[in-house]
Amino acid sequence: MAGRIIMPKLSDTMEEGVLVKWLKREGEGVASGDVVAEVETDKAVLELEAYTDGVLRKQMVPEGARVPVGALLGVIAGDQESIDALLAEGSKAEQVRPFAPTGTEGPPVTPAKPVPPSIQASVLAEVAQRSAPAASETPGTVTASPLARRLAEQRGIDLRAIRGTGPGGRIVERDVAAAATSPTPAVTTPPSAGDRREPLSLMRATIAKRMTESKATIPHFYVTTEINAGPLLEVKTRFADTAGPKIGVTELLVKAMGQALLAVPRVNASFAGDAVVFRAGAHVGVAVALEDGIITPVVRDADRKSVGQIAEALADLTDRARRKALKPEEYQGAGISLSNLGMFRVDEFSAIITPPEAAVLAVGRIVETAVIREGRVEAGHRMRITLSADHRVIDGVIAAKYLEEVAARIENPWQLLR
């Protein structure tokens, strides 16, 4: 039976993906379970697996093309089966089954929406447009419709700050309308000689969109405290030369944050419009910097794991995150996230909440400084941590209690090792 390969929706934030590589050629036989292509989402590179036997009759999208969710990637059919009839017939449910990414057991893959015949041509046209270089990417050159230019002039919008969605990247009326209603209209300065324009990767585009939404829609507030980091350094030094997984500040913080979620469960919650959803497990995300962005793999049940288990889990998750090999369930579902910039000489900062989480903890570096103890000035080590909280879910006292719980555990790190 013939089947259509469609760009699946692999995460809540995914709107398009990149067809990275075809692993089957046109005319090549395909068996159910074969990996036919690699797709890059905004988080990872995943393999698409065939559901049916047949021959890859048609590749609709070239390698490297950006493709919207639901767009047709290719067709598998019998060697003598007419795919013209399949395309013309459109999208019966059994024909538009998305091809499953391999190794994604757990949360189900959201099926891609069928592509009705009436819009099939437009979808394919959009694929072609997104694959083609945008004319507006040439510095100093903007391609726009007369109506779009007139609207932009009336509304004071710089066309160079808009990404066109029309043919060949042309800016059309809807692009200007979208820019006008954006909560943070893009403002750019005219390109100068020598400037370099780098198109956004899927990950960077998603980060830009989600962080803008977060700051625009979530009422952030911040609480900061200073921690005695001397005992933390003692633990870190103690395990520096031992065999086994590396135990450092991040691993101890993850453990402390997981335990603190149980002590202050209001922080382990999400705002859901007409309700507050409390999470069942104490899952902690850890921000990992990538070449083109950032991802937050999740250490599940951090309160119940030993620090050594957390270290092993983090080492594995971080390695696969940098290779874009995480499964969707491995970077979703955290109750709170940790962002640690202490290794970059950052003393203190405030992080942006990643929805649907209601809080994020930002950690600065450990500083040797003068401290007053029992009326005497001594040398000591201090570290500042800042909790960003969603005020729709968490009030100031709750945030302060959570910070207090984390600080108490970090100042007594040997207890975390038990």
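Asp301 lies in the loop between strand E16 (298–299) and helix H8, where helices (H or I, at least four residues) and strands (E, at least two) are DSSP runs numbered from the N terminus. The phi of Asp301 is near 50 degrees, a positive value in a residue other than glycine. Most residues other than glycine have a negative phi, and most peptide bonds are trans. The model is a predicted one, in which local features need pLDDT of at least 70 and side-chain atom pairs count only at pLDDT 80 or more, while totals for chains, interfaces and linings use all residues. Residues are numbered from 1 along each chain as its sequence is written, and side-chain values use heavy atoms, with hydrogens and water left out.

Arg345 counts as exposed at 66% relative accessibility, on a scale where buried means under 20% relative accessible area, exposed over 50%, and partly exposed in between (1.4 Å probe, protein chains only). Pro356 is found in the loop between E17 and E18 as well, and a cis peptide bond with omega of about 5 degrees joins Pro355 to Pro356.

Taken as a whole, the protein has ten helices and 19 strands, and 44% of its 418 residues count as buried. Of the contacts with a separation of 6 or more, 66% are between residues 24 or more positions apart, contact meaning heavy atoms within 4.5 Å.

Helix H8 (residues 307–322) packs against helix H7 (residues 249–263) at an angle of about 115 degrees, with the axes 9 Å apart. These axes are lines fitted to C-alpha atoms, for helices over the stretch in contact, and angles run from 0 to 180 degrees between N-to-C directions. The crossing of H7 and H8 is right-handed; a crossing has this hand if the near helix is turned clockwise from the far one by less than a right angle, and is left-handed if anticlockwise. H7 makes the contact through Thr250, Glu251, Leu252, Val254 and Lys255, and H8 through Val307, Ile310, Ala311 and Leu314. Sorted by class, the contact of H7 with H8 has six nonpolar, one polar and two charged residues, with Ala, Val, Leu, Ile, Met, Phe, Trp, Tyr, Cys and Pro counted as nonpolar, Asp, Glu, Lys and Arg as charged, and the others, Gly among them, as polar.

Also in helix H7 is Gln259, which counts as partly exposed at 23% relative accessibility. Leaving out residues up to four places away in sequence, Gln259 touches Asp303, Arg409 and Leu416. Gln259 and Glu405 are 146 residues apart in sequence, yet their C-alpha atoms are 8.4 Å apart in space.

Setting aside neighbours within four places in sequence, Tyr402 is in contact with Met257, Ala260, Leu261, Val264, Val267, Ile336 and Leu387. In helix H6 (residues 230–238), the residues Gly230, Pro231, Leu232 and Val235 are buried, and their cover includes strand E10 (220–228), H7, strand E18 (359–373), strand E19 (376–390), helix H9 (396–410) and helix H10 (413–416).

Side chains of opposite charge can pair when their charged atoms come close. The structure holds 18 salt bridges, each a side-chain nitrogen of Lys or Arg within 4 Å of a carboxyl oxygen of Asp or Glu. One of them joins Arg384 and Glu348, whose closest N and O atoms are 2.6 Å apart. Arg384 lies in strand E19 and Glu348 in the loop between strand E17 (336–340) and E18, so this pair ties together parts that are 36 residues apart in sequence. Arg384 is partly exposed at 30% relative accessibility, and Glu348 is partly exposed at 40%. Another salt bridge is formed by the side chains of Arg373 and Glu378 (3.2 Å, N to O). Salt bridges that share partners join Glu226, Glu348, Arg382 and Arg384 into one network.
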